[in-house]
Amino acid sequence: MDNSRVEICVHEGKLIGIVEKGVYGDYYTAFRGIPYAKPPIGELRFKVQLICYDCFTGLFHKAISQSGVIRCPWAFTEQQLHSEKGFRLAEKLGKATADPKVAYEFLKTIDAKKLIETERKFLLTESERKQSSLIFTPSLDHESSNPFFPEDPETFMCREVKVPFLLGFTSCEGSVMIGSSFNGQISKEDLGTVNSDFKKTILPRCLSTLSKISITIEELKSLYFGDKAVSEETLMNYVDFISDEFVCRGIMEVVDIQTKLNNNDNKATYLYQFSYESETNPLRKIFKVQIPGIIINSFKTI
């Protein structure tokens, strides 16, 4: 059975896969070399991915979103904030300018590793570090010839996913945000700072919604910690808060929108929570996650 060829036909033609044996002894079919987008090199560097639509039109009849959607606060940034950080990054690297085109052309000449090192070291404020913020994420764009988001993400969502949609998250998403080499291991002192000023850990987009749902910062903290302090003893409570803030809340918003829009079983929306922890979880090893629990990419692909 191993290395047997499997052929399937799609609208654009024939796809050929190979049956291979997995690490757990079961078999799966691997389809390789299916193009998604043109390589981000040359004129396409720092541009929105130029998707090869003609390569996979009609290929996908279901959709899955694992551990994140566009409504998650780390997935979308207001354009003004993007511009400010872009100018600051260019200045730190030797090009002070208020012209976005000049800054853009200059940053294209900088090695990617140096860009990442500089932005992590200089662009995040102390408050943003406490919030485990990501620096550059997609933003609204009315000017580019091939924009990633020409309209607000919520506008896209309200048009409805036209195929069955499976959304999910793991039971401990926040572990990778506060207990790994990705954002650093949270310390006892960090937890003390969170306890003394819980507001600093709340992302701006989440903070702005509290008044709309009539919840104070103190009440929000109490929902997760009760009358206990944020400390090593209540670390998993803090992980739950980070999980909800960064991942689960956004996913639930999309589920709510989709279920209101779904009119028939052909466009059903499914929600799941994954709680299987694999001893061979690659992400836990790569990012040296110390906190227990099910994190992003903990699962075995089936």
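Two strands are taken to pair if DSSP finds at least two bridges between them. Helices (H or I, at least four residues) and strands (E, at least two) are DSSP runs, numbered from the N terminus. The model is predicted: local features need pLDDT of at least 70 and side-chain atom pairs count only at pLDDT 80 or more, while totals for chains, interfaces and linings use all residues. Residues are numbered from 1 along each chain as its sequence is written, and side-chain values use heavy atoms, with hydrogens and water left out.

**View 1. The hairpin of E2 and E3.** Strand E2 (residues 13-21) pairs with strand E3 (residues 27-30) in the antiparallel sense, over four bridges. Within this pairing, Val 19 stands opposite Thr 29 in E3. Five residues lie between the strands of the hairpin, where Gly 25 takes a positive phi near 90 degrees.

**View 2. The open sheet E4-E5-E8.** Three strands form this sheet, and the pairing is parallel. Strand E4 (63-66) and strand E8 (269-274) stand at the edges; each has a single partner strand, so one side of each is left without a neighbour in the sheet. On average, neighbouring strands are turned by 15 degrees against each other, direction ignored. Strand E5 (residues 165-170) and E8 pair in the parallel sense over six bridges, and Phe 169 stands opposite Gln 273 in E8. Helix H11 lies across E5 and E8, running at about 160 degrees to E5. Axes are lines fitted to C-alpha atoms, for helices over the stretch in contact, and angles run from 0 to 180 degrees between N-to-C directions.

**View 3. The packing of H10 on H11.** Two packed helices are described by the angle between their axes and the distance between the axes. The axes of helix H10 (residues 217-225) and helix H11 (residues 235-261) cross at roughly 120 degrees and come within 9 Å. In H10, Leu 220, Tyr 224 and Phe 225 meet Asn 237, Tyr 238, Asp 240, Phe 241 and Asp 244 in H11 (contact means heavy atoms within 4.5 Å). By class, the contact of H10 with H11 has five nonpolar, one polar and two charged residues. Ala, Val, Leu, Ile, Met, Phe, Trp, Tyr, Cys and Pro count as nonpolar, Asp, Glu, Lys and Arg as charged, and the others, Gly among them, as polar.

**View 4. The buried and exposed residues of H10.** Leu 220, Lys 221, Tyr 224 and Phe 225 are the buried residues of H10 (buried means under 20% relative accessible area, exposed over 50%, partly exposed in between, with a 1.4 Å probe and protein chains only). Seen down the axis of H10, they fall within an arc of 115 degrees, so they line one face of the helix; the arc is that of the directions from the helix axis to the C-beta atoms. These buried residues pack against helix H8 (188-196), helix H9 (204-210) and H11. On the other side of H10, Glu 218 and Leu 223 are exposed. Gly 226, whose phi is positive, near 60 degrees, follows H10.

**View 5. Val 230 in the loop between H10 and H11.** Val 230 is buried, with a relative accessible area of 4%. Leaving aside its neighbours within four places in sequence, Val 230 is in contact with Leu 191, Gly 192, Val 194, Asn 195, Lys 221 and Phe 225.
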